[in-house]
Amino acid sequence: MILSRSIAKASIAAFLFSVSICFSVAANAQDGKALFSANCASCHAPHKKLTGPALAGVEARWSSKENLYSWIRNSAAFLKTGDAYANNLFNEYNKVAMNAFPTLKDAEIDAILAYVNSVPDPSKAPVGAGEGAAAAANVEADNSLLFGILTLILAVVALIMLQVNSNLKKLADDKTGQPALEPIPFWRNKAYIAMVTVVLFVVGGYLTTKGAMAYGRSQDYQPEQPIYYSHAVHAGTNQINCQYCHTGAAQGKQATIPSVNVCMNCHQAINEYKGEKMYNEAGEEVDGTAEIKKLYKYAGFEEGKPWDPSKAKPIEWVRIHNLPDHVYFNHAQHVKAGQVACQTCHGEIQKMGEVKQFSDLSMGWCVNCHRETKVQFKDNGFYSIYEKYHADLKSGKIDSTKGITVEKIGGTECQKCHY
Amino acid sequence: MEQKKHWQSFGELNQSAAFNKDVKDEFNEELPMVEDESKSFLEAKAPRRDFLKYLGFSTAAAAAAASCEMPVKKAIPFANKPEDVVPGISKYYATTYVQDGDTVSILAKVRDGRPIKIEGNDLCPITKGGTSARVQASVLDLYDTSRLRFPTIDGKEVTFEAADKAIAAQMGGNMVILTSTINSPSTKAVIAQFLAKYPGSKHVTYDAVSYSAMLLANEATYGVRGIPSYHFENAKAIVSLGADFLGTWLNPVEFSKQYATGKKLDEKNPSMSKHIHFESVASLTGSNADEKYLHRPSETLAIAAALLSAVNGTGVAGITDAKLKAGIEAAAKALNAHKGAALVVAGSNDVNVQIIVNAINNAVGAGGNTINWGVLLNTRAGVDADFAQLVADMNAGSVGTLLIHGANPAYSWFAADQFKAGLAKVKTTVSFAGKVDETAELCKFVLPDNHFLESWGDAEAKTGHFSFIQPTIYPLFKTRQWQDSLLKWSGATEDYLAYLKNFWSAKLGGVNGWDKALQDGVVALGESAKSAGSFNGAAVAGALAAVSSAKKGGKVELVLYEKVGIGAGQGASNPWLQELPDPVTRATWDNYLIVSPAMAKSLLNIDISNGGQADAYEVNPPKKVVKVTVGQKSIELPALIIPGTHPETVGIAVGYGRSEKVGKSAAGVGKNAFALASLSGASVQFVNGEVSLTLTEETYPVALTQTHSRYDTEQGNRTEVVKELSLAAYKHHPTEIREERDKELKPWGGLEKFESQGTLYPVFERPGIKWGMSVDLNTCTGCGACVVACNAENNVSVVGKPEVLRGHEMHWLRIDRYYSGDLENPNVVFQPLMCQHCDNAPCENVCPVAATNHSSEGLNQMTYNRCIGTRYCANNCPYKVRRFNWADYTGSDSFGDNQKGVVNDVVLDMNDDLTRMVLNPDVTVRARGVIEKCSFCVQRLQEGKLKAKKDSRPLSDSDVKVACQQACPTNAITFGNANSKESAITIARQENPNRQFYVLEQLHVLPGVTYLAKVRNTDDMPHHEGAEAKTEKAHG
């Protein structure tokens, strides 16, 4: 046990270290990520060829940074200069012209590039982090087992001591010549019965309450969907930005499930699956190409012919995340205003084949996060009206490491979510 | 003169036993706790054992129900998502509310494809973003279950193709298109095209409540058969002879906005317009007047003549009543003092009255200043004589085909039987009504028109001011715009949309201009300069001569009037409007006979100055039924006693007694009073000088809400919940109210330190946002637009008449009516009252489950899913604004049977899948057994904050507008972040320190709503010092 714990400690340390490295880079690439998502992500991924080439290390491939800038700002104009690398690139990607981004400044492009280079290549992903997390989970499991065993041992010891105590008392009574009472067997002993009743009541009550609260919750719900759509393939391997499909996430209440025409943006061209083998929850292999054909059926698309979007029929997905009617949840509030990563609530969606409900979506879970999460207090102009808090932060009255949490500005009040 | 004492009810006036008991109770009825205390508990209906049995069963049942498998829900995205549609985000489309000539430019809030709320269009120069109760309620009509879902021939479903074919085969003879007022230029062109195709055909305009007299008088004196634009905002002196211009007269939304401009008080430089009102039956406008005089309806002409003579300086002649004479003199004085800024309007449908009014306006220089003849108001165009001629023609058999749109004469024509008889002689009858109304029922063909929210179109409310109609939803049913039918039948190949687009593209410089106009909803073209018109006084002498020959009124006279919500019957099928308490009478779900307190004594044997009799009248909903006989016709109606009504006049609202086919909420509600009108000369008279009244033995319950939410003011020294003073008193002593407040709060630190010293609790800090509201009682006219807007925004349940009778109405916002002064002709103040969002709220600390608590933004939050229904909060609320869901009004219980026998058909109809489409998805539909109340539209606040956060900027006023504020035609409600220095609410509070007050301030509940006292433009000077001295002595 001791050995396994030391391993765990080491892996946690490694995990924390790698996280801290990530953060140090991320400070520079914070804007880059947003810019990349907004401008580039529909055609490019850092480590994967999509409509356009993989962008990691792109500066190295170009003769000069100035050429790269002008290419990004207006590729068509740059092609006319006759640059060999640019023309080769153009031909390599079926002469699909790259959109022009005349408004991007040098610094912004640098930020994008910095972000692109900061994204680790999933094919060479450091294995340590994942394992570390797993080990950390093990530690927790170990602890509860340990506590259980300890409690049991203590309970047995207490029982033995009680018996010993009563025997000793009896002996002492015998010695002083007190008339000994007939010993009462423990199953008729009122003290024992009372104790057991109380324990049963407490444990039973706890379990009943817990069970009752779990009614209507569906953590780990993973229904079968009409198409085996793998987030692992799209968001993981191909690194498609979440908001490329879930366009509503930054705008409104619903993240929105993409309509068929969004799928067909890419799948008019991508008509077969050539990636690693996929397995469903039952462990059976999934034929990705067949699943794409299912999409074509919904879209009314016949390969080789131009697609008529008016023939498309909507796909009836099974809804996984269901909040009760009396809860108001808004994606934009979290994604756009709060800058919360999708994975915080949805888990490592980029590793899921079919999606399952990661969090229990209970009120306790929401409130906990609201208690701990800091709002974008300094970055978002909305919060400038909290003058007192800004002053307190400056003067150190409010611990700046703790910062202004969602709770501090009223984020745990009833009518933030119930109205 | 003693301090002004306001009273809401007769019981309060008399301090009767029932009133004093009622103000102590929260609920109107006894709570159903123990049926009979003399019986032992076991013999009670629900003894303890049964209770335990039910408890056990329900726990088991709940556990069983909850452990069922979760249903599989589908999430179905678009097949092809339109680029500009984001599920969950509302879109606002500019369109226009059009109903029988009424025209209001609006924005329709469309959420996920469904229009769910109407907002005013700020770009419209006429309404400037104002709406009315009926405009607000119109969205519910879209989802009315009684709408006709397909075209019919003889009541049987057919397709439009089949109907077109059959009509084409039958159409012939003299053709007449009968419509209510149409002010759509393109529709007029379509009609012209149709008439050109069929020579000998004609177009007749019919208005249920017409302005014929005005049109004809204007023709006689100004040579224009039209109605000029009125500019109440330019008027310093306004005299109204029974014109309810804030409620129902011509274009009340526009007039309310203008009127409020003149009533807005600048504390530093106090001046206001002066409004003198003459009327016979209490009206909304009369209630708002500075001075009000009562007269018999038959005296209207004499009053007009006397006023003209007084204005001309020849003295008041022919008026014997001293009060009335003084009123006319005062009116003349005010008008003459403000020549060029004076305005006289009259509601009478007597040509002579209107001619004389025109003469008065000419004499006081209204033309070009307060009346603009260069821009005509097109909301009413019907002349009754034209329609009477049509009825005669129909009866003579000379009409072959009758096409009817909008008009419903089988219901609203005074001689409906003649019309029906004539209709039976017309070979081909086609109705375009959206519902099977009284006229459509008698037509062979019914080709339902789209609801305006499903339609294309345009409207020209005033000359040169165009507004546009665009669909906000695909037609729900198999309906077709009637213009399409006309175009088809006149052989046009293009449909109405193409026609409209061409029509406007030509005028607006191409398709881009058209698109822009659609987006804005309004466009102004060829605006003409203000014109005084050319007055031709030739007709005046004749009109004046008519005074002496005018018929003298009998013992009792009758006035037929329109209600703000119901109108001429268009609102009858709308449950929101039926449940909207009438501003003046505070009654819902009925029409009735309005009598004065004096007449109550003689006719009903009720002396309301007697506490016991007032209680008997007020506490019991059943009211005595009176039989009203006019000539051969008679109807029986319950009598309501309404102060401010002439002692020899009674009033009845039209618009009731509709066919049950137009909607569940219209079925069996009230009686049709149109039959009591009569045709005199060229126009229908809605007054009658000779009626007889007989008291019957019967009673009929009327659902009055005025006495449902009374509250006591005994706790402090303050006796007034509402504050009112005269302009003269205000000028004399501007800080009176403030000093009075300060004096009252002296024991707890005075105004300055009241918050911290008046309580044991600590003062909490409010960083960031503190929501606040300010209501200006000076500009609030009590019209009720806010109440309906609140219903629509917050999914407030309709409960039906039986529940209103029990005091179970659910309105989050109510408008209290206060009287003061003379019992027969009192002053009226309206006070909108919603949850005050007290910072030290008494409801919060009595909730055993903390379902209601306070937010850091100053909201008193109500959490429905936590509420267990103890109603302690309602009991402890000093303002009585909390509402309890006594029954399953929304159909949200798991067990449908819980509604059976508890709620009536109207409520069930509101729970229909179709009607539920109007629900706001951002607001929880409340279940039975929970308390609800005004939330300051928290969903809008959250949305506004998010908008600012997304843009990374501080909140601005334009981000958050609560529903009542948005709907208000007079901008009486200001709302915003009181912590911000720039916000409108902060500015409103800073600019009005003297008129500002809190309701029940002395309780130290620290309300979040401030009110600005009503200032009436009179010269009354109450001697406060004396009164106060007296009070102190008494307390001494």
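**Figure 1. The loop of chain B that holds B:G172.** B:G172 lies between α5 (160-170) and β8 (175-179) of chain B, where helices (H or I, at least four residues) and strands (E, at least two) are DSSP runs numbered from the N terminus. The model shown is predicted, so that local features need pLDDT of at least 70 and side-chain atom pairs count only at pLDDT 80 or more, whereas totals for chains, interfaces and linings use all residues. Residues are numbered from 1 along each chain as its sequence is written, and chains are lettered from A and ligands numbered from 1 in the order in which they are written. B:G172 counts as exposed because it has 12 C-beta neighbours inside 10 Å; by the criterion used, a residue is buried if 20 or more other C-beta atoms lie within 10 Å of its own, exposed if 12 or fewer, and partly exposed in between, with C-beta atoms placed from the backbone. Leaving aside neighbours within four places in sequence, B:G172 is in contact with B:G400 and B:T401, a contact being a pair of residues whose C-beta atoms, placed from the backbone, lie within 7 Å. The C-alpha atom of B:G172 is separated by 41 Å from that of B:L107, and the two residues are 65 apart along the chain.

Figure 2. β3(B) and strand β4 (residues 102-111) of chain B pair in the antiparallel sense over nine bridges, and B:Y92 stands opposite B:K109 in β4(B).

**Figure 3. The contact between chain A and chain B.** The contact takes 47 residues from chain A and 45 residues from chain B. On the chain A side, α11 (260-267), β3 (317-318), α13 (331-337) and α16 (387-395) each supply at least two residues, and the largest share, four residues, comes from α13(A). By class, this side of chain A has 20 nonpolar, 19 polar and eight charged residues; Ala, Val, Leu, Ile, Met, Phe, Trp, Tyr, Cys and Pro count as nonpolar, Asp, Glu, Lys and Arg as charged, and the others, Gly among them, as polar. Two bridges join β3(A) to strand β2 (residues 74-75) of chain B, and these strands run antiparallel. A:V318 stands opposite B:K74 in β2(B).

**Figure 4. Nonpolar cores of the model.** A nonpolar core is a set of buried Ala, Val, Leu, Ile, Met, Phe, Trp, Tyr and Cys residues joined through C-beta atoms within 7 Å. The largest has 308 residues, and those with the most contacts inside it are B:A304, B:L307 and B:I356. Helix α10 (residues 300-311) of chain B gives the most to this core, with 10 residues. B:A304 touches B:L241, B:A346, B:V353, B:I356 and B:V357, not counting residues up to four places away in sequence. Another core, of 14 residues, lies apart from the largest one and includes A:A41, A:A86, A:I112 and A:V116.

**Figure 5. Domains 2 and 3 of chain A.** Chain A is assigned domain 1 (26-124), domain 2 (223-359) and domain 3 (362-419), with bounds that come from an automatic or database domain assignment. The centres of domain 2 and domain 3 of chain A, taken over C-alpha atoms, are separated by 32 Å. Their contact takes eight residues from domain 2 of chain A and seven residues from domain 3 of chain A. The side of domain 2 of chain A that touches domain 3 of chain A divides into four nonpolar, four polar and no charged residues.

Key:
Contact = placed C-beta atoms within 7 Å. Pairing = 2+ DSSP bridges.
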